[in-house]
Amino acid sequence: MAEIDWQPLHDRAVEMTRRAYAPYSGYPVGVAGLVDDGRVVAGCNVENAGYGVTLCAECGMVSDLVAGGGGRLVAVWCVDGRGETIMPCGRCRQLVWEHGGAECLLQTPEGVLRMDEVLPQAFGAEDLDRSCARPSRPPLTHGPGPPPPGPAHARLPGSGDQRQASPTCMRKYADEGRAIPTLVPGPGGDWTPHITCAPVVTGCREMLICWAYEPGIRGFPGAAMRVGGV
């Protein structure tokens, strides 16, 4: 990694403290981060009368990062209203970890440290990779007639009464060699046991939100399953 020029980050972070909205605490915070493509992203704290929904400066920095095209943080500096170096809170260290990882450098009151030094044994995407598995579900059916419409359903050309998951959902299933969930009319007009999924982008990952159908009950959301990055 090239040597970090820290002074521009400090200058930008100090500038951001002057834009902070901190009428309740009177404690402005600014932060700036260097992205792996050379951009500098920044944020300031934005307080709220409902204290629990106050946004830390790092929230704004990460939003700036994502809105500007994404990338990975390689260096971060957070300061108070005097320009003094301060540490991100625990939640914000998790934010920096998500978008910078273990090797991201953080300027601290004790000098420059890697993120895995200020957030040891961090929880991250790799933990989800190890633990996520497709849940096992019992058969579920819908009552007489077609199931209620939902974003996951797409009537395919020439498919008759058969209903199938959306094209994106089918692609993800095919990529993983998994059976594509379908609905087919059964005896008496009932729909056979079924779980259908709709793709939803959450952060940088695509999730499948599953709907199940039971007699007399309209579709209700089931578990979310991570099926791969996008």
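In this predicted model, Asp37 and Arg39 form a salt bridge whose closest N and O atoms lie 2.8 Å apart. Arg39 is partly exposed, at a relative accessible area of 22%.

Strands S1 and S2 pair in the antiparallel sense over 5 bridges, and Leu34 has Val40 in S2 as its bridge partner. S1 also pairs with strand S3 (residues 73–80), again in the antiparallel sense, over 7 bridges. Within that pairing, Val29 stands opposite Asp80 of S3, while Gly33 is partnered by Val76 of S3. The open sheet to which these strands belong has 5 strands in the order S2-S1-S3-S4-S5, with mixed pairing. S2 and strand S5 (111–114) stand at the edges with a single partner strand each, so one side of each is left without a neighbour in the sheet. On average, and with direction ignored, neighbouring strands of this sheet are turned by 20° against each other.

Of the 7 residues in S1 (residues 29–35), 7 are buried. Side chains in a regular strand alternate between the two faces of the sheet. In S1, both faces are covered, with Val29, Val31, Gly33 and Val35 buried on one side and Gly30, Ala32 and Leu34 buried on the other.

The surface has its own points of interest. Tyr21, Tyr24, Val46, Tyr51 and Leu55 form a nonpolar patch there, with about 530 Å² of accessible area together. One of these residues, Tyr51, sits in the loop between strand S2 (40–44) and helix H2 (57–67). Tyr51 is exposed, its relative accessible area being 60%. Another loop, between helix H4 (115–118) and helix H5 (125–131), holds Gln121. The phi of Gln121 is near 55°, a positive value in a residue other than glycine, and with a relative accessible area of 85% Gln121 is exposed.

Returning to charged pairs, a search of the whole structure finds 5 salt bridges. Side chains of opposite charge can pair when their charged atoms come close. Arg19 counts as exposed at 52% relative accessibility, whereas Glu15, at 26%, counts as partly exposed. Arg12 joins the picture too: Arg12, Glu15 and Arg19 are linked in a network of salt bridges. Elsewhere, Arg114 forms a salt bridge with Asp116, the closest N and O atoms being 2.7 Å apart. Arg114 is partly exposed at 31% relative accessibility, and Asp116 is partly exposed with a relative accessible area of 28%.

The protein has 6 helices and 11 strands, and buried residues make up 41% of its 230 residues. Among contacts with a separation of 6 or more, 54% involve residues 24 or more positions apart. The accessible surface comes to about 12,200 Å², with 56% of this area belonging to carbon and sulfur atoms.

Conventions. Residues numbered from 1 in each chain as written. Predicted model: local features only at pLDDT ≥ 70, side-chain atom pairs only at ≥ 80, totals over all residues. Heavy atoms only, no water. Patch = residues over 30% accessible without salt bridge, like charges linked within 9 Å, V, L, I, M, F, W, Y side chains within 5 Å. Areas by Shrake-Rupley, 256 points an atom, 1.4 Å probe, with all protein chains shown as cover. Salt bridge = Lys/Arg side-chain N within 4 Å of Asp/Glu carboxyl O. Helix = DSSP H or I, 4+ residues; strand = E, 2+ residues; numbered from the N terminus. Buried < 20%, exposed > 50% of the residue type's maximum accessible area, 1.4 Å probe, protein only. Pairing = 2+ DSSP bridges. Axes fitted to C-alpha atoms, helices over the stretch in contact; angles between N-to-C directions. Contact = heavy atoms within 4.5 Å.
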